[in-house]
Amino acid sequence: MGRAVKVGLVGTGGVAHNHLAGYSTVVGNRAVVWAACDPRSDVLEAFCNKYAIPHRFADAQSMVGSGEVDVAVVLTRPEIREAVILPALEHGVPILVEKPFGQSFSEAAKYVEAADQAGVPLAVSQNFRWFPEYQWMAGHLADGRLGDLRFIEHHVFQDRRQPPGAWRAEQKRLEMAIFSVHLIDRMQWLAVVVPVSVAAITRRDEASELPGEQFTTLIVQFEGGLVGQMTSSWMARGLATNAARVDAERGSVTVERSGPMAGNATGRLQVHEESVEIEAFVDNEVVRDGPRSYGYSLLSFLDAIEKGKEAPHSGRDNLRTMAIMDAAYVSASRGGAMVQVDEVTGGVRLTQGSRASS
């Protein structure tokens with residue numbers, strides 16, 4: 001085995017700690033966090049001192065141009081990603097970027113095109129795919145036992161209030177862009193086929209004074225007749241729920257977990273008229289499945305780079321997620337009217353996906 005891949009983190013806020021926990025548990029000696037950058041010098045120093053990160057930079061351009069990093073993991077707010085992604089591509093540094101990796105489909109498509117032209121790998125850390133119950137579900141869908149998919153449903157109800165002063169509290173694109181983009185991604189990943197149209201409704205909690213939505217419900221029509229439905233609420237003041245269901249021509253499969261990022265999970269599968277199969281997934285008490293999922297996201301990216309293949313969570317793959325989300329926002333602005341995905345893609349061709357994890 002060659003030397004460890006040198007990873008540079010762009011941003012050292014709260015999510016960076018989860019990334020580090022997942023890397024140390026899942027990635028092991030395949031990679032080392034070798035550098036980090038953050039314009040907040042006090043936050044940067046505290047973070048790097050805690051994790052013994054040797055190289056520290058005030059900005060991303062300095063870091064990706066230093067020659068010290070082999071891969072950049074971008075953890076910034078969406079509106080400043082362009083100032084990070086394009087310089088990294090110019091320097092030939094592969095990029096794993098937090099979701100959503102652009103503020104719009106057109107911006108995301110621009111990054112994919114730039115990565116293609118530079119010949120540099122670009123992936124999106126849609127880490128929710130790597131929760132064990134969803135890998136289990138994806139495996140059963142891929143083996144053909146259940147037949148062709150007909151319906152996918154995913155819902156999460158939680159009490160998630162945004163404190164005033166935080167950057168998220170200022171976003172006009174809130175719940176869907178920050179959280180249920182994960183659920184949309186899971187849905188399109190499991191579907192594999194290309195989305196055709198979207199109808200969506202969003203709602204704000206008027207008492208919160210937040211400009212963005214805190215509730216989203218949408219329906220997606222995919223090629224071949226497959227239908228997807230997703231509902232995500234931050235306004236559920238009780239009975240939190242986090243579950244998904246897939247119905248196929250010969251059976252059904254469901255998964256649920258007590259919380260979106262932590263808690264034990266259960267999977268159930270039934271082929272028509274056969275007995276129900278149940279699988280239990282016990283959350284790791286030392287490093288939870290949430291942080292571990294970030295580790296698997298990086299590991300899958302490193303595997304793809306090593307093999308010279310496109311990552312399963314590549315920027316191109318994630319264009320389907322961005323297209324659904326953009327179409328959903330357009331639909332919500334029109335009172336829930338059905339929107340054709342072609343309207344937001346502007347002629348950019350979407351490709352089918354894969355349920356592969358690496």
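A: Ring pairs join Phe128, Phe131 and Phe179 into a cluster. The model is predicted, so local features need pLDDT of at least 70 and side-chain atom pairs count only at pLDDT 80 or more, while totals for chains, interfaces and linings use all residues. Residues are numbered from 1 along each chain as its sequence is written, and side-chain values use heavy atoms, with hydrogens and water left out.

A pair of aromatic rings is described by the distance of the centres and the angle of the planes. Here rings of Phe, Tyr and Trp (its six-membered ring) pair if their centres lie within 6.5 Å; planes under 30 degrees apart count as stacked, over 60 as edge-to-face, and the rest as tilted.

The structure holds 5 aromatic pairs. One of them joins phenylalanine 101 and tyrosine 111, whose centres are 6.3 Å apart and whose planes stand at 55 degrees, so this pair is tilted. Phenylalanine 101 is in the loop between strand E5 (95-97) and helix H5 (105-118), and tyrosine 111 is in helix H5, so the pair ties together parts 10 residues apart in sequence. Helices (H or I, at least four residues) and strands (E, at least two) are DSSP runs, numbered from the N terminus. Phenylalanine 101 and tyrosine 111 are both buried, where buried means under 20% relative accessible area, exposed over 50%, and partly exposed in between (1.4 Å probe, protein chains only).

Phenylalanine 128 has 3% relative accessibility, so it counts as buried. Phenylalanine 179 is also buried, at 3% relative accessibility.

Next come charges over rings. A charge sits over a ring if NZ of Lys or CZ of Arg is within 6 Å of the ring centre and within 35 degrees of the ring normal. The charged end of arginine 186 sits over the ring of phenylalanine 131, 5.4 Å from its centre. Arginine 186 also lies over the face of tyrosine 134, at 3.6 Å from the ring centre.

The nonpolar surroundings follow. In soluble globular proteins, nonpolar side chains tend to be buried together. A nonpolar core is a set of buried Ala, Val, Leu, Ile, Met, Phe, Trp, Tyr and Cys residues joined through side-chain atoms within 4.5 Å. The largest such core has 83 residues, of which Phe101, Met137 and Leu218 touch the most other members. Helix H7 gives the largest share of this core, 11 residues. Leucine 218 has contacts, meaning heavy atoms within 4.5 Å, with residues including Met176, Ile184, Met187 and Ala328, not counting residues up to four places away in sequence. Another core, of 25 residues, lies apart from the largest one, and Val7, Leu20, Val27 and Ile53 are among its members.

Most peptide bonds are trans. Lysine 99 and proline 100, however, are joined by a cis peptide bond, with omega about -20 degrees. Proline 100 is in the loop between E5 and H5.
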